[in-house]
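Subject: The structure I promised, with notes

Hello,

Here is the structure I said I would pass on to you.

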Amino acid sequence: MTRTGIRLPAPAPGWSIDADVVVVGSGVAGLTAALRCEAAGLRTVVVTKARLDAGSTRWAQGGIAAALGEGDTPEQHLDDTLVAGAGLCDEEAVRLLVTEGPAAVRRLISTGARFDTDEAGEIELTREGGHHRRRIAHAGGDATGAEISRALVEAVQARGLRTIEHALVLDLLTDAQGRTAGVTLHVMGEGAHDGVGAVHAPAVVLATGGMGQVFSATTNPSVSTGDGVALALRAGAEVSDLEFVQFHPTVLFLGPDAEGQQPLVSEAVRGEGAHLVDADGVRFMVGQHELAELAPRDIVAKGIMRRMREKGAQHMYLDARHFGAEMWEHRFPTILAACRAHGIDPVTEPIPVAPAAHYASGGVRTDASGRTTVPGLYACGEVACTGVHGANRLASNSLLEGLVYAERIAADIAGSADIADIAGSADAAAYAAANTTGTANTANTTGTADSTDELHRGAPRTGARTGARTPVAVAEGAPTQPLPAPEDRSAIQRVMTEGAGVLRSAESLRKAAEDLAELHAAAAEGRGKKPVPGTETWETANLLLVARVLVEAARHREETRGCHWREDRPDRDDQRWRRHIVVRLGEGRTLAVHTTEGPGFAPVTTPSTGAVKK
């Protein structure tokens, strides 16, 4: 009862439980997938690294984008998303997002999420960078993620879903045919389970969030160590577009040596009229883009970095003094409190800001139903690369993507032709009723399942409780991922910040690759004190693997596009690089890299069978 292929060194599981579906992660993507799978009658287990409400979703301030307002349409939302994605969005993936999005948001409301409304009871909509219309629904002023998390956590608890908190996922379990058979995990601390164990299930949904902790300064919480991407790589899955890391333009500047999670100053502040200025009060974004401060994030981040260089400054300023105290307290109470906690009062002074790592536009490659290249393994949310974001995510599309694609995954696992079908149980009546008010149901366009489809589906409804798969044992001497020392974590972050941060070049990336290779070799050769397997060493191993892949992809992309900025290749090159870079972990723990033929994602092909999933 152990893992196959490359894996983390860990003790054998000391306990196990069985399920139809195991969802790893408890943000909007993970909990939505779990609720929809449970509603379909599937035994569903949620595994989360900290508390159920401690993922990245709760930190989302701005809101969720959808064409909900009068005069707005999915087509307009599509256009804005494609522009922000800088030529690399998969248009069909985006079309699914924007057409299914409004109904998915309404279902989220029926689950219990309460968005801000006007006096007439209509959802208040704001505007953010890259959007030509007000289409961002928000809650609590600037606490949208916290409200969505609250609603979904309460729904999970009300439905009695089995959850395992404080658990770090380790590796994928597979059967003799290479199909998903569950995961191994390590529960940290006391509880119903402790230590290394296993959840056996024929379908695994990765919803582990981002990898921002690979950089010294990030808006991501401490749990964002790239665990899902690293697991998928060890399992043989493909990852794509990992070079496109979005650096949020306006993160509260806490000093040049600040590390770890940094307070975000939401794009919605600019959407409501705040201005970016330098120390002299000059609005430097005016004239750089038609939308000025509301240009897509990559353009604003570059504008800030250029001005910082010109002025020899460590940060710029966001000026919203004209909002007045009442608007700050009502519309942005969370940001106001964070600023004041650090000695800055936005009511009376400009806010010092600088770009910091914020969101991974790339991740584990999936198809329109969230299926990866490993049969039975799914991914959604920030850990996934659906093709929606391209080279740069449009503001507030992330929560929507997690919501829409989580529902599509649940429909696929349940063997359903339509997302509405999975709400058939009596205790999902509210969910079913909400479907009658939506603009469109979330249709699964994969068509009728054939024998090949059944192989990939995790647990079809017709045999959900009889589809358990037996994990095969790992052969003696099977390869493991080297464990670096826990203190290497800060070295990885320093290397990535200096060599693969906002500004990149062939030389900076070469140096980063060399430094990371040295850390990898030192771990593989067992230099120094032997690290003890445990949470800190496993997280550091995940960070090192993800960092190596990110740098390799960035070295391959010899152009500037979206949030990938090569100083030595300042121009966008559509002829050579309007395509995706795909990476897999090969034999001997080497990285195998190839590119797609164009911006559209090719159908997912499962390596074990060669079966193509449309």
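Below is what turned up, going from the whole chain to the cores, the spaces, and some strands.

This is a predicted model, in which local features need pLDDT of at least 70 and side-chain atom pairs count only at pLDDT 80 or more, while totals for chains, interfaces and linings use all residues. Residues are numbered from 1 along each chain as its sequence is written, and side-chain values use heavy atoms, with hydrogens and water left out.

**The chain as a whole**

The chain holds 16 helices and 25 strands; these are DSSP runs numbered from the N terminus, with helices being H or I of at least four residues and strands E of at least two. Of its 614 residues, 61% count as buried (buried is under 20% relative accessible area, exposed over 50%, partly exposed in between, with a 1.4 Å probe and protein chains only). Among contacts (heavy atoms within 4.5 Å) with a separation of 6 or more, 73% are between residues 24 or more positions apart.

The C-alpha atoms of proline 11 and glycine 195 are 8.9 Å apart, although 184 residues separate them along the chain. Beyond its neighbours within four places in sequence, proline 11 is in contact with Val196 and Trp538. Its relative accessibility is 46%, so proline 11 counts as partly exposed.

**Nonpolar cores**

A nonpolar core here is a set of buried Ala, Val, Leu, Ile, Met, Phe, Trp, Tyr and Cys residues joined through side-chain atoms within 4.5 Å. The largest one has 93 residues, and Ile164, Val199, Val269, Trp328 and Met496 have the most contacts inside it. Helix H15 (residues 535-556) gives the most to this core, with 10 residues. There is also a second, separate core of 53 residues, including Leu78, Ala104, Ala203 and Ala406.

Which residues does valine 199 touch? Not counting residues up to four places away in sequence, they include Ile17, Val45, Val47, Ile164, Leu173 and Leu185.

**A pocket and two cavities**

For these I used a 1 Å grid over the protein atoms alone: a cavity is a set of points where a 1.4 Å probe fits but cannot get out, a pocket is an open set with protein on both sides within 12 Å along at least five of seven lines, and lining residues have an atom within 4 Å of a point. Grid points are joined across faces, edges and corners, and a volume is the space filled by probe spheres set on the points.

The second largest pocket has about 740 Å³ of space. Its lining has 30 residues, with Ala217, Pro256, Pro355, Ala356 and Thr497 nearest the centre. Strand S14 (245-252), helix H7 (297-311), strand S18 (351-360) and helix H13 (488-499) each supply at least two lining residues, and H13 gives the most, with 5. By class, this lining has 17 nonpolar, 8 polar and 5 charged residues (Ala, Val, Leu, Ile, Met, Phe, Trp, Tyr, Cys and Pro count as nonpolar, Asp, Glu, Lys and Arg as charged, and the others, Gly among them, as polar).

The search found 4 cavities of 30 Å³ or more in the whole structure. The largest cavity, at about 60 Å³, is lined by Phe247, Asp298, Ala301, Lys302, Val502, Gly562, Cys563 and Trp565. H7 brings the largest share of that lining, 3 residues.

The second largest cavity has about 40 Å³ of space, and its lining includes Met211, Phe215, Asn220, His358 and Glu382. Here the largest share, 4 residues, comes from S18. The lining divides into 6 nonpolar, 3 polar and 1 charged.

**Strand pairing**

Two strands pair if DSSP finds at least two bridges between them. S18 is joined to S17 by 3 bridges, and the two run antiparallel; leucine 318 stands opposite isoleucine 351 in S18. Strand S17 (residues 316-319) also pairs with strand S16 (residues 275-277) in the antiparallel sense over 3 bridges, where leucine 276 has leucine 318 as its bridge partner.

Elsewhere, an open sheet of 3 strands has the order S4-S6-S5, with antiparallel pairing. Strand S4 (64-65) and strand S5 (125-126) stand at its edges with a single partner strand each, so one side of each is left without a neighbour in the sheet.

Best wishes
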